[in-house]
Amino acid sequence: MQKIDNYNFKGKKVIVRVDFNVPLNKETGEVSDDTRIRGALPTIKKIIEDGGCAILMSHMGKPKNVNPAEGDAKFSLKQIIPAIEKYTKEFGVPTIAFAEDCANADAAASALKPGQILLLQNLRYYAAEEGKPRGIEKDDPKFDEAKKAMKAEQAAFAKKLASYAEVYVNDAFGTAHRKHASTAVIADEFAEDKKMFGFLINKELTAMDGVLAAPKAGFTAIMGGSKVSDKINIITNLLDRVENLIIGGGMAYTFVKAQGGNIGNSLCENDKLDLALDIIAKAKEKNVNLLLPVDALNADKFDKDAATQESAIDQTPDGWMGLDIASKSIANFQKVIESSKTLIWNGPMGVFEFDKFAAGTTAIAKAVAAATEKGAYSLIGGGDSVAAINKNKLADKVSYVSTGGGAMLEYMEGKQLPGIVAIRG
Ligand code: AMP
């Protein structure tokens, strides 16, 4: 597999799939969080400093039914150009060119000189990027036909994008779990030594592979969030690897109810009770120390100003719902976390968006940071745990914060991600 580190881009036109799906301020239209832009910079800088030119492509948002010839200002990547130039000027590219139509950018691509950058318009103006037929439902008798036609369109779209460049770099980890034209299909158009991952994807893979290969002793997984069903695959995969499995957040209640506890109005997936019992049995069989909360902070309604009271987790009074873990659970979890050597954390311990119910998640974030300071390796992933780490300003106190929520979960579940397989095989 070609590595970016020892590739010389001198004189090469390089098409780079980046993840510029950045949030925008609704009023000013400015980029409100440029983490993803910053994430792509090392790769772009290397191409430019080697003497190559970079053609950047990305999606932004979920545009549907946009006529590519007309565009839609809300989803236009043009509006993020200043947020990119702010950084590219630091390595000698004060202005970047823009192609209004990503599938008709031949002239702009061939005019590009070494040291220049071209940004293509939002790939998802074309349904072919995702390769899913639009405007036709799955139960329509013509769906299969439409799907087949769309696959052909997707291949042609990928070929078109590939025609702009001699080298393909994928650095969009956040979309690596999708088989889209720009993330996977396009790779077929390039020889083995002309396609590679960018620095960001390499960093993500190194972090995740390192954790997956970590010894079982001292390995703790912390799972939280709302649903067992979303996390079941990762939990199952991790049961073979971890010494401790901490389960908090709304999903803990499905386990509590499955064991006969009273959970009041707390979140519960009633169709997953057997699954919860199965996880408990498997943990026992595999000698995994499964930790569930023992107490909770309850609310009389789902509201930031709700009245609160504490109870044992399996004795939630009728009419109340558990929205955070309480002090005994926090202490139990902290003890295990702080003596761990490898940590993976996905999902909050409570409804941390409400200040009243954020203490459990904050305590866990701090415990993970403390363990890291003592030498543990900590990997944080999933939008909400990342938000919790950022809210507590702990991003530089943990080992690695993954940029790809869904992609990270799927990788940790042991799935093959199309964007990764397309390059790594
Ligand atoms: P997920 O996307 O599955 O990681 O879930 C994250 C969401 O779970 C956050 O928005 C939290 O507010 C929510 N959550 C965490 N704990 C609870 C709880 N005890 N009850 C209801 N929602 C919760």
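This is a predicted model: local features need pLDDT of at least 70, side-chain atom pairs count only at pLDDT 80 or more; totals for chains, interfaces and linings use all residues.

**Pocket linings and the ligand site**

Sorted by class, the lining of the largest pocket comprises 10 nonpolar, 17 polar and 11 charged residues.

The largest pocket holds about 1,100 Å³ of space. Its lining is made up of 38 residues, and those nearest the centre are Asp19, Arg36, Thr403, Gly404 and Gly405. Several elements take part: helix H1 (35-50), helix H6 (199-212), helix H12 (383-391), strand E15 (400-401) and helix H13 (405-412) each provide at least two lining residues. Among the contributors, H1 gives the most, with five residues.

The second largest pocket contains about 510 Å³ of space. It is lined by 35 residues, of which Gly225, Ser226, Lys227, Gly250 and Pro348 are the closest to its centre. At least two residues of this lining come from each of helix H7 (228-239), helix H8 (252-258), strand E12 (321-325), H12 and H13. Strand E12 has the largest share, five residues. By class, the lining of the second largest pocket divides into 14 nonpolar, 15 polar and six charged residues. Helices H12 and H13 each supply at least two residues to this lining, and each also supplies at least two to the lining of the largest pocket.

Around the ligand are 13 residues, and Lys231, Gly250, Gly322, Glu353 and Asp384 come nearest. The shell around the ligand consists of four nonpolar, six polar and three charged residues.

In the side chain of Lys231, an N or O atom is 3.0 Å from an oxygen atom of the ligand. At Gly322, a polar backbone atom is 3.0 Å from a nitrogen atom of the ligand. In the side chain of Glu353, an N or O atom is 2.4 Å from an oxygen atom of the ligand. On its own the ligand has 510 Å² of accessible area, and the protein covers 81% of it.

Note on methods:
Residues are numbered from 1 along each chain as its sequence is written. Side-chain values use heavy atoms; hydrogens and water are left out. A residue is near a molecule or strand if one of its heavy atoms lies within 4 Å of it. A polar contact is a pair of N or O atoms within 3.5 Å; within protein, one must be able to donate a hydrogen and the other to accept it, and residues adjacent in sequence count only if both atoms are side-chain atoms. Accessible areas come from the Shrake-Rupley method with a 1.4 Å probe; for residues, only the protein chains shown count as cover. Ala, Val, Leu, Ile, Met, Phe, Trp, Tyr, Cys and Pro count as nonpolar, Asp, Glu, Lys and Arg as charged, and the others, Gly among them, as polar. On a 1 Å grid over the protein atoms alone, a cavity is a set of points where a 1.4 Å probe fits but cannot get out, and a pocket is an open set with protein on both sides within 12 Å along at least five of seven lines; lining residues have an atom within 4 Å of a point. Grid points are joined across faces, edges and corners, and a volume is the space filled by probe spheres set on the points. Helices (H or I, at least four residues) and strands (E, at least two) are DSSP runs, numbered from the N terminus.
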